[in-house]
Amino acid sequence: MRGAAGPTLTVVVAVGVLVGCGVTLLLERSLSRILLGVILLGNGVNLLILLGGRSGAAPVVGTAATGDLSDALPQAMVLTAIVITFGLTAFLLAVSYRAWYLTGDDEVPDDLEDRQVVRQAERNEAATADLGGEGPDADPEQVDPGPARRRPPGREEGPR
């Protein structure tokens, strides 16, 4: 059996830089930077998964001794992660393009509730009241509508 060498410092630093830059870009307000952050983070995690496997010969039975074959599971996981990252990238690219098309920029605006939370955090107080103004029973996001009522047969609404 060959001596299995661990990952080199260069590869470990590359994983750290990719993940660190990806997380930093994910925290930005611009959708294009968030998209780049997702791509960098995905590549860093894929490289990290590959570092977890055993290196060696191609994992094809009969080409080498069983102990000398590389681990195929991390390779399969990375292929799956590449497909997932590609799908998420395509979705974020479509959202970014739509935001740019509608507003002229791709910056995510502040939400009114976010501003209220920031003001309350500055005053060091907790939100205890419903700030929507409609009360807890009339809030459409909080009330369970229940099952839809069925109309009896023969009683249709609309023009005839």
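1. Start with Val12. This residue is found in helix α1, residues 9-26. Helices here are DSSP runs of H or I with at least four residues, strands are E runs of at least two, and both are numbered from the N terminus. Val12 is partly exposed, at a relative accessible area of 41%. The cut-offs are under 20% for buried, over 50% for exposed, and partly exposed in between, with a 1.4 Å probe and protein chains only.

2. A word on the basis. This is a predicted model, in which local features need pLDDT of at least 70, side-chain atom pairs count only at pLDDT 80 or more, and totals for chains, interfaces and linings use all residues. Residues are numbered from 1 along each chain as its sequence is written, and side-chain values use heavy atoms, with hydrogens and water left out.

3. Val12 belongs to a surface patch. Leu9, Val12, Val13 and Val17 make up this nonpolar patch, with about 360 Å² of accessible area together. Patch members have over 30% relative accessible area and no salt bridge; nonpolar side chains (Val, Leu, Ile, Met, Phe, Trp, Tyr) are joined within 5 Å, like charges within 9 Å. Areas come from the Shrake-Rupley method with a 1.4 Å probe, and for residues only the protein chains shown count as cover.

4. Now the overall build. The protein has four helices and zero strands. From the N terminus on, the order is α-α-α-α. Of its 160 residues, 14% count as buried. The accessible surface comes to about 12600 Å², and carbon and sulfur atoms hold 61% of that. Among contacts with a separation of 6 or more, 50% join residues 24 or more positions apart. A contact means heavy atoms within 4.5 Å.

5. Thr8 sits in the segment before α1. At 45% relative accessibility, Thr8 is partly exposed. Thr8 and Leu51 are 43 residues apart in sequence, and their C-alpha atoms lie 9.6 Å apart in space.

6. How many salt bridges are there? The count is one. The rule asks for a side-chain nitrogen of Lys or Arg within 4 Å of a carboxyl oxygen of Asp or Glu. Arg33 and Glu28 form a salt bridge through their side chains, at 3.5 Å from N to O. Arg33 is partly exposed at 44% relative accessible area. Glu28 is partly exposed at 32%.

7. Next, the aromatic residues. The structure holds two aromatic pairs. One of them is Tyr97 with Trp100, a tilted pair at 6.0 Å centre to centre and 40° between the planes. Rings of Phe, Tyr and Trp (its six-membered ring) pair if their centres lie within 6.5 Å; planes under 30 degrees apart are stacked, over 60 edge-to-face, and the rest tilted. Both residues lie in helix α3, residues 72-103, three residues apart, or about one turn of the helix. Tyr97 counts as exposed at 51% relative accessibility. Trp100 counts as partly exposed at 48%. Ring pairs link Tyr97, Trp100 and Tyr101 into a cluster.

8. Last, helix α4, residues 112-123. Its twelve residues should span 16 Å at 1.5 Å a residue, and the end C-alpha atoms are 17 Å apart, which agrees. The expected span is 1.5 Å times one less than the number of residues. Is α4 covered or uncovered? This helix is hardly covered, with one buried residue among its twelve. Just after α4, Asn124 takes a positive phi of about 60°.
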